[in-house]
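Welcome to my notebook. I opened this structure to look up a few things, and I wrote down what I found as I went.

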Amino acid sequence: MAAGKGTRLKSKHPKVLHEIGGKPILAHVIATAQKVVPARDIFVIIGHEAERVREAVAGTGVNFVLQATQRGTGHALMVARETLLGNGNMYDQVIVLSGDAPLITAETIRKLSDFHSAQKATMTLLTADLDDPYGYGRVIRKGGRVDVQAIVEEKSATPVQKKIREINSGFYAFDGAALYEHIDRLSTENAHSEYYLTDMAAVFHRARKKVAAIKTVDASEVLGSNTRTEMMVLDARLRLAKCRELLENGVTIFYPHTCVIDSEVEVGVDTVIEPFVQLLGSTKIGADCRIRSYSVIGNSIIGDRVTVKPGTIMEDSRVGAGAVLGPYSHLRPGSDVGEGAHVGNFVETKKIKLGKGSKANHLSYLGDAEIGEGVNIGAGTITCNYDGVNKHKTVIEDGVFIGSDSTLVAPVNIGRGAYVAAASCITEDVPADALALGRSRQTVKEGWARAKRDAQKEKRR
Ligand code: UD1
Ligand code: CA
């Protein structure tokens, strides 16, 4: 169920698209569901901002049901009837997941499903004991047994019922046929004038059908995200769980609560992550690396034994084994840094290939360039890749030495083993093994400075 607006967030974005742990809340729930059943058996109920929600998760291959007006969780299941019937056969078991409770695990969903089958129940709810049950539906058990009599929402609960700590998690298993035989008995006579799916417990109880409940071992799995505060708690939990997973797999992370590491990130053994590092998206980092503080690395692939010095920013880039980056390097999309290469402080790169062992250690802009192996890029080198309309390419072949403060006006080609003298403005191709000087000749005026000083002394006298 993902059709609700999320009024309590005070947001213009639908609740299930808010991100925790680096991806939309709903994407977490779908990913977990996909561990239990294939995407073709997953139906996402969308409504508020339906197209945005659909677009965000369509890549998973799940089905969608449109709940055009959102009249409650019971109504969400009512509108799904036709789609779930599909070619005429209703699913034996329908598992309902809450699109705003992203910490649920596949193991717990399977337990819910198995328990439901074993109990031969018509409806089984997943419950949890919370220290602070405020806001959740409370579970009314028949004399403390497995069977459930009803679920009472916060707003309708009596003071005595409000003291019940066992809450309804919003995850259920239903007998598909029985659900739709009885769902029309739901009414909107409640605090929100909505069809509550939770009322199915009382409906089935009255119809003498078995309503069972199974309690989670880890209550935090079922926490919902109705408010930004709840989201912050879930985000912190997910991030810390990710750090713990990496720590258990041989990665050292100092001050993990200062690091932001997205759930899909992979890091190799014996890599050390210093405080205040962000590793985002599909980033993969090899073994024996050191990622120093304040580095932000997004969707990049880094080989083994790489050192990333403080404050390095990287997006959609690749870095070969043994390379050294930073401090304060900026690798923009399409940067491909070769094995053992160095990119130093205040060097910005974009769409370049920097060959094996090549070095650009200080203060450069390298864009749209193909740079060979063993190349030395002097401090302050700039590739002038943009003429105001089009981008042009710079090719620097193996073993080239570019002197400091050179400007290379693209398109231009520097041949293998050539030298470019410092402070040159290179506008024409340089052949292999040549020396190119693109600067005006220096003139020296002998004794000029002494003469000037003498003249000043004379004046003062
Ligand atoms: C619901 C339960 C409550 C339970 C809690 C657990 C009901 C009436 N109450 O309350 O017992 O303790 O979850 O988190 O079900 N949705 C739709 N269509 C709608 C309304 C909601 O798809 O018309 C979706 C929402 O997007 C959300 C989910 O259903 O993902 C739950 O709705 P929400 O409004 O968050 O219910 P709660 O108030 O949390
Ligand atoms: Ca909720």
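The entries below go from the ligand to an aromatic pair and then to some backbone details.

**Entry 1: the setting.** I began by noting that this is a predicted model. I then asked where ligand 1 sits. I found ligand 1 in the largest pocket.

**Entry 2: the shell around the ligand.** Which residues come nearest to ligand 1? The shell has 24 residues, and I noted Gly4, Gln67, Thr73, Glu153 and Asn168 as the ones that come nearest. I sorted the shell by residue type and got 13 polar, five charged and six nonpolar residues. Next I looked up which elements supply the shell. Helix α3 (73-79) and strand β9 (166-175) each give at least two residues. The largest share comes from β9, with three residues.

**Entry 3: polar contacts.** I looked for N or O atoms of the protein beside the oxygen atoms of ligand 1, with a cut-off of 3.5 Å. In the side chain of Thr73, an N or O atom is 2.7 Å from an oxygen atom of the ligand. Thr73 is also one of the residues that come nearest to ligand 1. Asn226 uses a polar side-chain atom, and here I read 3.3 Å to an oxygen of ligand 1. How much of the ligand's accessible area does the protein cover? On its own, ligand 1 has 760 Å² of accessible area, and the protein covers 90% of this.

**Entry 4: aromatic pairs.** I counted six aromatic pairs. I picked Phe43 and Tyr91 to look at, and their rings are edge-to-face, with 5.9 Å centre to centre and 75° between the planes. Why did I write this pair down? Phe43 belongs to strand β3 (residues 43-46) and Tyr91 to the loop between α4 (81-85) and β5 (93-96), so the pair ties together parts that are 48 residues apart in sequence.

**Entry 5: backbone details.** Where are the cis peptide bonds I looked up? One joins Gly326 and Pro327, with omega about 0°. I placed Pro327 in the loop between β23 (324-325) and β24 (330-331). Another joins Ala410 and Pro411, and omega is about 0° there. Pro411 lies in the loop between β32 (407-409) and β33 (412-414). Last, I checked Tyr255, which is not a glycine and yet has a positive phi, near 50°. I found Tyr255 in the loop between β11 (252-253) and β12 (260-261).

Key. Residues are numbered from 1 along each chain as its sequence is written. Chains are lettered from A and ligands numbered from 1 in the order in which they are written. This is a predicted model: local features need pLDDT of at least 70, side-chain atom pairs count only at pLDDT 80 or more; totals for chains, interfaces and linings use all residues. Side-chain values use heavy atoms; hydrogens and water are left out. A residue is near a molecule or strand if one of its heavy atoms lies within 4 Å of it. A polar contact is a pair of N or O atoms within 3.5 Å; within protein, one must be able to donate a hydrogen and the other to accept it, and residues adjacent in sequence count only if both atoms are side-chain atoms. Accessible areas come from the Shrake-Rupley method with a 1.4 Å probe; for residues, only the protein chains shown count as cover. On a 1 Å grid over the protein atoms alone, a cavity is a set of points where a 1.4 Å probe fits but cannot get out, and a pocket is an open set with protein on both sides within 12 Å along at least five of seven lines; lining residues have an atom within 4 Å of a point. A molecule sits in a cavity or pocket if more than half of its atoms lie within 2 Å of its grid points. Helices (H or I, at least four residues) and strands (E, at least two) are DSSP runs, numbered from the N terminus. Ala, Val, Leu, Ile, Met, Phe, Trp, Tyr, Cys and Pro count as nonpolar, Asp, Glu, Lys and Arg as charged, and the others, Gly among them, as polar. Rings of Phe, Tyr and Trp (its six-membered ring) pair if their centres lie within 6.5 Å; planes under 30 degrees apart count as stacked, over 60 as edge-to-face and the rest as tilted.
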